[in-house]
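Visitor: I would like to learn how to read a model of this kind, feature by feature. Could you take me through the sheet, the domains, the ligand shell and a few single residues?

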Amino acid sequence: MTKRALVTGGAGFIGSHIADALLARGLQVVVLDDLSTGRRENVPAGAEFQQCDVRSADAARVVREGGFDVVLHQAAQIDVRKSVADPVHDASINILGALNLLEAVRTAARRPRFLFASTGGAIYGDFVTPPNLEDYAKDPDSPYGIAKLAVEHYLAYYGRVHGVEGAVLRYANVYGPRQDPHGEAGVVAIFCNRLLDGKPLTVFGDGTQTRDYVHVKDVAAANAAAATASLPAVGTLDVRAMNIGTGVETDVLTLAETLRAVSGRDAEIEFAPARPGEQLRSAVSIGKVQKLLGWKPERTLEAGLKETFDYFAAQRG
Ligand SMILES: NC(=O)c1ccc[n+]([C@@H]2O[C@H](COP(=O)([O-])OP(=O)(O)OC[C@H]3O[C@@H](n4cnc5c(N)ncnc54)[C@H](O)[C@@H]3O)[C@@H](O)[C@H]2O)c1
């Protein structure tokens with residue numbers, strides 16, 4: 001029988017690529033999104049669309065009565081700085097919204113699997129040396145990271161106590177087509193648009209801070225694999241958590257130079273004062289997901305950056 005999937009946040013950057021990947025694999029897809037940052041045109045033509053807030057009774061009803069095999073929960077308040085400015089708002093969407101859906105899963109006649117989009121950056125913080133393993137200490141330095149960790153704990157609890165089948169995908173720094181160039185998260189999208197505008201690329205601090213950049217289509221493929229793979233037996237928090245990244249640390253200066261090279265555009269690199277509290281190093285180990293899902297990223301950074309730049313260039317017409 002055809003499998004049915006619900007992608008929350010499916011009008012957003014990562015969720016819309018997940019919807020594409022699931023449709024391409026023959027699943028029926030429903031997208032649930034309130035369009036607060038997502039765009040209706042990101043929802044693929046083959047998917048059904050439900051516009052509602054993940055905190056609402058409507059969203060709970062969709063989950064409970066939709067007959068889904070899997071829920072891929074991507075909807076979130078994703079801005080770390082906003083979470084610092086207004087932690088109550090962040091927790092309302094990122095904790096209570098997820099909990100609303102988890103309660104709906106628990107009480108559904110047919111319980112779907114629940115895949116949760118967590119973070120492989122903010123959750124580990126700067127206390128550990130990358131590449132980070134799943135069971136490393138977690139001491140998030142932002143309400144955003146704390147909310148992600150809280151939902152991971154809820155999911156582990158729902159697994160152990162209520163038998164809900166769940167898994168956590170901890171994404172590194174995701175980049176690619178459809179990322180919001182005005183958001184706080186997407187340095188690649190920001191750099192692409194600065195290059196197209198002929199403006200300098202701004203690097204904060206000395207540019208040696210590192211991140212693990214993973215292409216959004218690779219992240220979508222990991223989600224599609226996790227939708228149907230057999231999962232390890234329930235246990236402690238990290239047992240069903242998988243890092244999704246490349247395992248490679250790239251510093252911001254190298255990222256800017258590589259993007260300049262693959263785009264063929266010339267732009268100056270300008271330096272601005274370091275941002276207080278910015279994480280210095282970040283990369284995730286991906287041995288576990290390779291073992292559990294047989295997944296690894298397909299794209300090199302150069303190929304992924306070129307594809308992304310070409311997308312933003314084409315957007316300009
Ligand atoms: N982009 C990254 O590098 C990255 C890294 C780690 C984790 N993540 C996680 O991946 C997920 C997707 O992030 P993204 O980068 O695609 O962001 P995005 O902003 O493009 O997508 C989020 C989507 O959720 C929707 N949404 C927000 N609040 C909602 C609500 N209350 N009810 C219903 N829909 C709501 C938005 O309209 C948007 O379409 C998020 O959970 C994010 O925390 C992203």
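The dialogue below takes these topics in turn.

Guide: Please keep two conventions in mind. The model is predicted, so that local features need a pLDDT of at least 70 and side-chain atom pairs count only at pLDDT 80 or more, whereas totals for chains, interfaces and linings use all residues. Residues are numbered from 1 along each chain as its sequence is written.

Visitor: What is the order of the strands in the open sheet of seven strands?

Guide: Strands (E, at least two residues) and helices (H or I, at least four residues) are DSSP runs numbered from the N terminus, and two strands pair if DSSP finds at least two bridges between them. Here the open sheet has the order β3-β2-β1-β4-β5-β6-β11, with parallel pairing. Its edge strands, each pairing on one side only, are β3 (48-51) and β11. From one strand to the next the twist averages 20°; axes are lines fitted to C-alpha atoms, for helices over the stretch in contact, and angles run from 0 to 180 degrees between N-to-C directions.

Visitor: Which bridges join β4 to β5, and what packs on the sheet?

Guide: Strand β4 (residues 70-73) and β5 run parallel and are joined by four bridges, with V70 standing opposite R113 in β5. Helix α5 (residues 143-162) packs on the sheet and touches β5, β6 and β11, its direction making about 155° with that of β5; contact here is counted between two residues whose C-beta atoms, placed from the backbone, lie within 7 Å.

Visitor: How should I read the two faces of strand β11?

Guide: In a regular strand the side chains alternate between the two faces of the sheet. In β11 (residues 241-244), A241 and N243 point one way and M242 and I244 the other way, and all are buried. A residue is buried if 20 or more other C-beta atoms lie within 10 Å of its own, exposed if 12 or fewer, and partly exposed in between, the C-beta atoms being placed from the backbone. Strand β6 (residues 166-171) pairs with β11 in the parallel sense over four bridges, and the bridge partner of V168 in β11 is A241.

Visitor: Which face of strand β8 is covered, and which uncovered?

Guide: In β8 (residues 201-204), L201 and V203 form the covered face, while T202 and F204 form the uncovered one. This strand pairs with β13 (residues 269-272) in the parallel sense over four bridges, and T202 has E270 as its bridge partner in β13.

Visitor: Where do the domain bounds fall?

Guide: Domain bounds come from an automatic or database domain assignment, which for this chain gives domain 1 (4-171 + 214-244) and domain 2 (174-212 + 246-315). Their centres, taken over C-alpha atoms, are separated by 23 Å, and the contact takes 35 residues from domain 1 and 32 residues from domain 2. On the side of domain 1 that touches domain 2, the largest share, eight residues, comes from α7.

Visitor: How many residues surround the ligand, and which are the closest?

Guide: A residue is counted as near a molecule if its C-beta atom, placed from the backbone, lies within 6 Å of it. The shell around the ligand has 29 residues, of which G9, G12, F13, G38 and A76 are the closest. Two or more residues come from each of α1 (13-24), α4 (87-106), β5 (113-119) and β7 (173-175), with α1 giving the largest share, three residues. Domain 1 and domain 2 each supply at least three residues to this shell.

Visitor: Why does G186 count as buried, and why does V128 count as partly exposed?

Guide: G186 counts as buried because it has 22 C-beta neighbours inside 10 Å, whereas V128 counts as partly exposed because it has 15. G186 lies in the loop between β7 and α6 (187-196) and, leaving aside neighbours within four places in sequence, is in contact with Y175, Q179, D180 and P181.

Visitor: Where is V29 found, and what is it in contact with?

Guide: V29 is found in strand β2 (residues 28-33) and is buried, with 25 other C-beta atoms within 10 Å. Beyond its neighbours within four places in sequence, V29 is in contact with A5, V7, A19, L22, L23, G46 and A47.
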